[in-house]
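Please keep the sequence and the model in view while reading.

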Amino acid sequence: MLNADPIRVLVTGAAGQIAYSLLYSIAKGDVFGKDQPIILVLLDIPPMLPVLDGVVMELQDCALPLLREVIPTDKVEVGFKDLDAAILVGSMPRKEGMERKDLLKANVAIFKTQGAALEKYAKKTVKVLVVGNPANTNCLIASKSAPSIPKENFSCLTRLDHNRARSQVAMRCGVPADAVKNVIIWGNHSSTQYPDVHHAMVKVNSNEVPAFDAVKDDSWLKGDFISTVQLRGAAVIKARKLSSAMSAAKAICDHMRDWWFGTLDGEFMSMGVYAGGNSYGIPEDLIYSFPVHIKNKSWTIHDGLPINDFSRAKMDATAAELVEERDTALSFLSQ
């Protein structure tokens with residue numbers, strides 16, 4: 001039985017390659033449920049509208065029963081109207097020779113505009129996922145620009161990093177990816193992120209054992225494993241000459257599906273969320289990736305994990321980078 005009312009889902013950067021890998025999964029029901037009709041709103045910049053028309057044609061040609069309407073637009077008042085979910089993929093990519101602060105400045109402008117549009121046009125219950133980089137800081141700017149939408153409704157994508165970490169451990173142990181649970185990505189979606197397996201469990205021959213016992217190679221887990229996950233995006237670009245789109249789209253689907261339907265008992269997932277009230281000593285006014293549980297569409301940070309000195313230093317280093325990014329971004333926001 002189909003739910004009568006379709007939900008409105010926005011994807012920005014909709015003519016880009018992540019969206020191209022993402023839209024079919026959403027429209028087919030892999031994210032919001034097999035009985036949930038969808039209106040897909042596709043926003044991009046004016047020069048991309050002819051490309052977007054091609055994407056719309058293809059979505060029509062998929063003949064998907066859940067897809068009630070596809071709305072391509074370059075106007076925020078159309079794009080952000082009455083949204084149930086917003087997936088903000090579009091951002092200013094870093095061009096060669098571009099300083100990080102120039103990148104931040106360009107993105108502050110974009111996410112200030114989009115936050116203001118969410119504030120003005122979207123439902124107050126909208127769930128917002130920021131994917132465009134620098135994702136954590138872009139998410140914070142969007143949230144600050146939409147003061148009447150709860151901070152808890154904003155998140156940024158670190159699920160791709162989470163999935164990368166999970167898969168690395170699984171391959172090392174020779175088990176399927178779902179035999180590994182409770183890896184954590186702490187902090188920024190950047191090369192300072194900290195992939196942490198101190199609390200992860202691996203199912204080996206039907207027994208759950210701590211990841212360090214399953215892997216039996218501490219120097220790998222504290223060295224190459226971490227740098228492989230941190231630098232994986234760059235490795236994909238080097239090989240493919242394009243950024244990771246298939247795996248990013250899959251991570252977006254995982255993130256939104258868990259936000260909609262909840263996490264499994266005894267499992268947590270990594271999400272970039274508002275750090276206010278966290279028990280891990282992370283500065284409050286940040287979007288920082290934590291292990292979270294999700295129930296009834298609301299996340300809570302998994303509290304009480306013991307943090308050793310090795311982890312503490314890495315969690316603090318990525319927090320310091322985020323504080324610096326935030327302060328730079330806020331100086332642009334007030335201009």
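UniProt positions are given here in the numbering used for this chain, feature names are shortened, and annotations may be inferred rather than shown by experiment. With that understood, the UniProt record places the feature "domain: Lactate/malate dehydrogenase C-terminal" (unreviewed entry) at residues 158-332. For "domain: Lactate/malate dehydrogenase N-terminal", also from an unreviewed entry, UniProt lists residues 8-154. The model itself is predicted. In it, residues 8-154 are 41% helix and 18% strand, and the end C-alpha atoms of this span lie 17 Å apart. Over residues 158-332 the chain is 46% helix and 20% strand, with 25 Å between the end C-alpha atoms.

Helix 4 spans residues 100-121 and packs with helix 5, residues 135-144, at an angle of about 40°, the axes being 8 Å apart. Angles under 35 degrees count as roughly parallel, and those from 65 to 115 as roughly perpendicular; helix 4 and helix 5 are therefore oblique to each other. Their crossing is right-handed. On the side of helix 4 the contact is made by L104, N107, V108, F111, K112 and G115, and on the side of helix 5 by T137, N138, I141 and A142. Sorted by class, this contact of helix 4 with helix 5 has five nonpolar, four polar and one charged residues.

Helix 4 also meets helix 12, which comprises residues 309-333; the two axes come within 9 Å and cross at roughly 60°. Helix 4 and helix 12 are therefore oblique to each other, and their crossing is right-handed. Here R100, K101, L104, K105, V108 and K112 of helix 4 meet E325, T328, A329, F332 and L333 of helix 12. The residues of this contact of helix 4 with helix 12 divide into five nonpolar, one polar and five charged. L104, V108 and K112 of helix 4 take part in the contact with helix 5 and also in the contact with helix 12.

A further helix pair is formed by helix 1, residues 17-28, and helix 11, residues 246-261, which pack at an angle of about 40° with their axes 8 Å apart. That angle makes helix 1 oblique to helix 11. Helix 1 passes helix 11 in a right-handed crossing. Helix 1 contributes I18, S21, L22 and S25 to the contact, and helix 11 contributes M246, A248, A249, I252 and C253. By class, the contact of helix 1 with helix 11 has seven nonpolar residues, two polar and no charged.

The strands may be considered next. Strands of a sheet pair through backbone hydrogen bonds, either parallel or antiparallel. In this model, three strands form an open sheet in the order 7-10-11, with antiparallel pairing. Strand 7 and strand 11 stand at the edges, each with a single partner strand, so one side of each is left without a neighbour in the sheet. Strand 7, residues 180-181, is joined to strand 10, residues 201-204, by two bridges. Within this pairing V180 stands opposite V202 of strand 10. Four bridges join strand 10 to strand 11, residues 207-210, and V204 has N207 of strand 11 as its bridge partner. The hairpin of strand 10 and strand 11 has two residues between the strands, and N205 takes a positive phi near 50° there.

A63 has a positive phi of about 50° although it is not a glycine. This residue lies in the loop between helix 2 (49-61) and strand 3 (67-73). A cis peptide bond joins N133 and P134, with omega about -5°. P134 is placed in the loop between strand 5 (127-130) and helix 5.

Technical notes
Residues are numbered from 1 along each chain as its sequence is written. This is a predicted model: local features need pLDDT of at least 70, side-chain atom pairs count only at pLDDT 80 or more; totals for chains, interfaces and linings use all residues. Side-chain values use heavy atoms; hydrogens and water are left out. Axes are lines fitted to C-alpha atoms, for helices over the stretch in contact, and angles run from 0 to 180 degrees between N-to-C directions. Angles under 35 degrees count as roughly parallel, over 145 as roughly antiparallel, 65 to 115 as roughly perpendicular and the rest as oblique. A crossing is left-handed if the near helix is turned anticlockwise from the far one by less than a right angle, and right-handed if clockwise. Contact means heavy atoms within 4.5 Å. Ala, Val, Leu, Ile, Met, Phe, Trp, Tyr, Cys and Pro count as nonpolar, Asp, Glu, Lys and Arg as charged, and the others, Gly among them, as polar. Two strands pair if DSSP finds at least two bridges between them.
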